[in-house]
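This report goes through a model of two chains, from the pair as a whole to single residues. The sequence and structure come first.

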2 protein chains.
Amino acid sequence: MYYIGIDLGGTNVHAGVVNEKGELLGQAEVSTPRGTEAVVEAIAQAGELSAQRAGISLRDVRSVGLASAGSIDPAEGMVLHAWNLGLDHVPLARMVSERMELPTLIENDANAAALGEFVAGAGRGYRSLAAVTLGTGVGCGAVLDGKLFTGFNYAGMEAGHMVIHRGGRSCTCGRRGCWEAYASATGLIRSVREAMAGHGDSALWHFAPTPEAVNGKTVFYAVETGDPTAREVLDGYLGDLACGIVNLINILQPEVLCIGGGISRQGEKLLAPLREVLDREEFTRDSPRRTRLCVARLRGEAGIIGAALVPEYR
Amino acid sequence: MYYIGIDLGGTNVHAGVVNEKGELLGQAEVSTPRGTEAVVEAIAQAGELSAQRAGISLRDVRSVGLASAGSIDPAEGMVLHAWNLGLDHVPLARMVSERMELPTLIENDANAAALGEFVAGAGRGYRSLAAVTLGTGVGCGAVLDGKLFTGFNYAGMEAGHMVIHRGGRSCTCGRRGCWEAYASATGLIRSVREAMAGHGDSALWHFAPTPEAVNGKTVFYAVETGDPTAREVLDGYLGDLACGIVNLINILQPEVLCIGGGISRQGEKLLAPLREVLDREEFTRDSPRRTRLCVARLRGEAGIIGAALVPEYR
């Protein structure tokens, strides 16, 4: 039996056909139009094209799973707000279901990515996993005891909105000091820019001639030159990132915690200093059975695979 | 079928017989001796006495569940360290099982209390609950989707050791700025003492003539007199408590979150200001389905009932 997964992004609609093992058998991508009807049509076309490329008929597809950013209501199959797509209170699951004549559901993109990693990536062979994706925000999702965990109202695992610095930076969610405001790529870029403003002599300026040119890699490059300002920014960043990870481990104790997003491509440059903090601060640091920290294995496919398989893991 | 639950405390061994609905049919309490053999014997005697008082035979008991503070390993049935009981790496579950000739397991006391509240207290009729107990520390436990949640290694839900003030107060766990260091009764008492040291004119001195006399109620009494120092301490305390609660809700989205421990007897004086923060800061504040905040319904019995029923909810 096959499943279609759709990653609904602001730029592209990415579709894939997946079997029950999470193997991706065919993919297709179309650019994301604006407006409800056009989005539904683009999803259907990408889904159909991915089935065609997988060499299967839609009759052999059990369901369609949509992964969407923005504010969604998985219980009702609604996209509440996805301003970048021009969607406002749209019953997207029902509309796609009618257009494609297949059962359709919708899930938060961070949860879908976590499920994808669990089935076909860093969590393969384990019973639980938490996935942390460092991007515009800090996206989090978890599979606990073999089931996608979303809380009673499908709104759980917003661990990016866990305050670690009470009274600190304003967050998009309305709180102050959220993990996301520090540990996201956006948070890191902000910290680099603040440091550059105070240190005209820093090597950071060499890698980003203007504040607008700063990206998630800038500080990693500058640290290689021995620049003390860059070192300080990176240490602060890693400390904040580690703080939230230890918090999450102390609460959830997942078998695996994987880190995804562009910054995770730093690999051991990121993981080694994080492990040092974990070895010092984790509640279970003396236990033989501790959470395994690693980088995510999948990239864009995690969302597709996870979205496709949500019906089997809810 | 019946279950025996044992709450192993530093002062008393409290035993109870429970049916599958969590109804307490008989109880017994003996004082806690020191030393392994004596503790095992006290547990057996309290258990047998509770069965006698419930009017049942030990042959009708399915299992014994022990709830213990300290560092335990539920997977191995071990008490790793419980210094106040003189226990150090003791296979307590096996020893009690041999003595009582009944299957025996051990669980963290905060997890047992959460399960007790779920079955027979604030969580009755719901599918998920998080319990936060404000005492010497901040004890946390959760039942998610009808099962006791403990993480893959039985060490989860140590939400008291979630940092909310990075770089703040030292915590017993080795980290700085843990929720427990602020939101526990101990944390509140420390804050009151610090405020008294700086404000010789505060009404706090009226309710606690010496710093040693401060307890969890002192600040609540002093606030009633309009004392501004007490007001400031209490506002800070409630802010820290609320911060961790919102963090937990954003992550777990339990159907119910109940607060227990001595401070919870303040009832609405505690809950009303917390709800204000939740209404302002929760990620789901605009959603129709939000976590219900309340005080715990059970007191000492929560641990007994929960410990007894762990085998049915693991």
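What rotation and what shift along its axis superpose chain B on chain A? The rotation is 180°, with 0.0 Å of shift along the axis, and the RMSD is 0.0 Å.

## Basis of the model

The model is predicted: local features need pLDDT of at least 70, side-chain atom pairs count only at pLDDT 80 or more, and totals for chains, interfaces and linings use all residues. Residues are numbered from 1 along each chain as its sequence is written, and chains are lettered from A and ligands numbered from 1 in the order in which they are written.

## Symmetry and the chain interface

The superposition is by least squares on the C-alpha atoms of residues with pLDDT of at least 70 in both copies. B:Ile164 has the C-alpha nearest the axis in chain B, at 2.1 Å from it.

Contact between residues is taken as C-beta atoms, placed from the backbone, within 7 Å. On this basis 32 residues of chain B are in contact with 32 residues of chain A. Helix α8 (residues 228-252) gives the most to the chain B side, with five residues. That side divides into 13 nonpolar, 12 polar and seven charged residues; nonpolar here covers Ala, Val, Leu, Ile, Met, Phe, Trp, Tyr, Cys and Pro, charged covers Asp, Glu, Lys and Arg, and the others, Gly among them, are polar. Because 100% of the interface residues of chain B are also interface residues in chain A, the copies meet through the same surface.

## Domains of chain A

Chain A is assigned domain 1 (2-116 + 301-313) and domain 2 (125-295), with bounds from an automatic or database domain assignment. The C-alpha centres of the two domains lie 28 Å apart, and their contact takes 10 residues from domain 1 and 14 residues from domain 2.

On the domain 1 side, α3 (109-120) and α10 (301-313) each supply at least two residues. The largest share, six residues, comes from α3(A). By class, this side has eight nonpolar, one polar and one charged residues.

## The five-stranded sheet of chain A

Helices (H or I, at least four residues) and strands (E, at least two) are DSSP runs, numbered from the N terminus; two strands pair if DSSP finds at least two bridges between them. An open sheet of five strands in chain A has the order β3-β2-β1-β4-β8, with mixed pairing. β3 (24-31) and β8 (104-108) stand at the edges with a single partner strand each, so one side of each is left without a neighbour in the sheet. From one strand to the next the twist averages 20°.

β4 (residues 61-68) and β8 of chain A pair in the parallel sense over five bridges. A:Ser68 has A:Asn108 of β8(A) as its bridge partner. α3(A) packs on the sheet, touching β4 and β8 of chain A, and its direction makes about 95° with that of β8(A). Helix α1 (residues 36-54) of chain A lies across β1 (2-8), β2 (12-19), β3 and β4, running at about 145° to β3(A). Axes are lines fitted to C-alpha atoms, for helices over the stretch in contact, and angles run from 0 to 180 degrees between N-to-C directions.

## A loop glycine in chain B

B:Gly167 lies in the loop between β11 (147-149) and α4 (179-183) of chain B. With 10 C-beta neighbours inside 10 Å, B:Gly167 counts as exposed (buried means 20 or more other C-beta atoms within 10 Å of the residue's own, exposed 12 or fewer, partly exposed in between, with C-beta atoms placed from the backbone).

Leaving out residues up to four places away in sequence, B:Gly167 touches B:Arg176 and B:Gly177. B:Gly177 is 10 residues from B:Gly167 along the chain, and their C-alpha atoms are separated by 5.7 Å.

Key:
Two residues are in contact if their C-beta atoms, placed from the backbone, lie within 7 Å.
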